[in-house]
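Student: Hey, I'm new to this one. Could you walk me through it?

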Amino acid sequence: MGYLEHGRSTSTDIKEGARIELPLWMAEILAIGGISDELPTGFITVSTPAPFSNKVLNALSADPVNVDLRGQSMQFYKFAERWLAMTGDDALLDTIMDTFKARAATVNDHAHNTRSALMTDRSEFLGTLDDTEIKLFKAAQEASKDLKKWTSMKK
């Protein structure tokens, strides 16, 4: 599997202890694939990905709304879901849930208040949203439009 380390076709083996980046799906398979009586922990050790580093988690705990999740991962919440399924890290789960709740409220504010002080920083804020939050924003905008249309018909 030397091509994983060198990024090209090679017949060399990966040296023991080498650090290489793998897609999460492959790391999941390799981390559990070698588990047996002789090798109870699998044949790779998976390190915490950068989006879930202490630095990022501390920033999320301090002020989740001002963290650029898109810069961490375009699919931050889906990545977190997969990582949590592998690790079962309760502290990370709490941080991710608190982050989503806080950011969802702000996403909703931006979607419903189209003519307010929020407009000045809206495009900057929208650039920090991951794909899940963008879908939430679009759904909230559509709901707001539908509500306005419905209330105008009632008059």
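**A first look**

Tutor: Out of the 155 residues in the protein, 29% count as buried, where buried means under 20% relative accessible area, exposed means over 50% and partly exposed is in between, using a 1.4 Å probe and protein chains only. This is a predicted model, in which local features need pLDDT of at least 70 and side-chain atom pairs count only at pLDDT 80 or more, while totals for chains, interfaces and linings use all residues. Residues are numbered from 1 along each chain as its sequence is written, and side-chain values use heavy atoms, with hydrogens and water left out.

Student: Ok. How many helices and strands are there in the protein?

Tutor: Eight helices and zero strands. These are DSSP runs numbered from the N terminus, with helices being H or I of at least four residues and strands E of at least two. From the N terminus on, the order reads α-α-α-α-α-α-α-α.

Student: And how much accessible surface does the protein have?

Tutor: About 10600 Å², with 54% of that belonging to carbon and sulfur atoms. Accessible areas come from the Shrake-Rupley method with a 1.4 Å probe, and for residues only the protein chains shown count as cover.

Student: What about contacts between residues at least 6 apart in sequence: what share joins residues at least 24 apart?

Tutor: That share is 54% in the protein. Contact here means heavy atoms within 4.5 Å.

Student: Let's do helix packing. At what angle do H5 and H6 pack?

Tutor: About 160°, with their axes 11 Å apart. Axes are lines fitted to C-alpha atoms, for helices over the stretch in contact, and angles run from 0 to 180 degrees between N-to-C directions. H5 is therefore roughly antiparallel to H6. On the cut-offs, angles under 35 degrees are roughly parallel, over 145 roughly antiparallel, 65 to 115 roughly perpendicular, and the rest oblique.

Student: Which residues make that contact?

Tutor: From H5 you have Phe76, Tyr77, Ala80, Trp83 and Leu84, and from H6 there are Leu92, Leu93, Ile96, Thr99, Phe100 and Arg103. By class, the contact of H5 with H6 has nine nonpolar residues, one polar and one charged. Ala, Val, Leu, Ile, Met, Phe, Trp, Tyr, Cys and Pro count as nonpolar, Asp, Glu, Lys and Arg as charged, and the others, Gly among them, as polar.

Student: Is the H5 and H6 crossing left-handed or right-handed?

Tutor: H5 passes H6 in a left-handed crossing. A crossing is left-handed if the near helix is turned anticlockwise from the far one by less than a right angle, and right-handed if clockwise.

Student: And how do H3 and H6 cross?

Tutor: Helix H3 (residues 54-62) and helix H6 (residues 90-112) have axes that come within 9 Å and cross at roughly 45°, so H3 and H6 are oblique to each other. This crossing is left-handed too. Leu57, Leu60 and Ser61 in H3 meet Leu92, Thr95 and Thr99 in H6. Those residues divide into three nonpolar, three polar and no charged.

Student: Back to Phe76. Buried or exposed?

Tutor: Phenylalanine 76, in helix H5, counts as buried because its relative accessibility is 0%. Leaving aside neighbours within four places in sequence, phenylalanine 76 is in contact with Pro51, Phe52, Leu60, Leu69, Ile96 and Asp130.

Student: What does serine 73 touch, apart from its neighbours within four places in sequence?

Tutor: Serine 73 is in contact with Pro51, Phe79 and Asp130. Serine 73 sits in the loop between helix H4 (69-72) and helix H5 (76-87), and it is buried, with a relative accessible area of 17%.

Student: What about methionine 86, where is that?

Tutor: Methionine 86 is in helix H5, and it counts as partly exposed because its relative accessibility is 30%. Setting aside neighbours within four places in sequence, methionine 86 is in contact with Leu24, Glu28 and Val46. Methionine 86 and leucine 24 are 62 residues apart along the chain, and their C-alpha atoms are separated by 9.9 Å.
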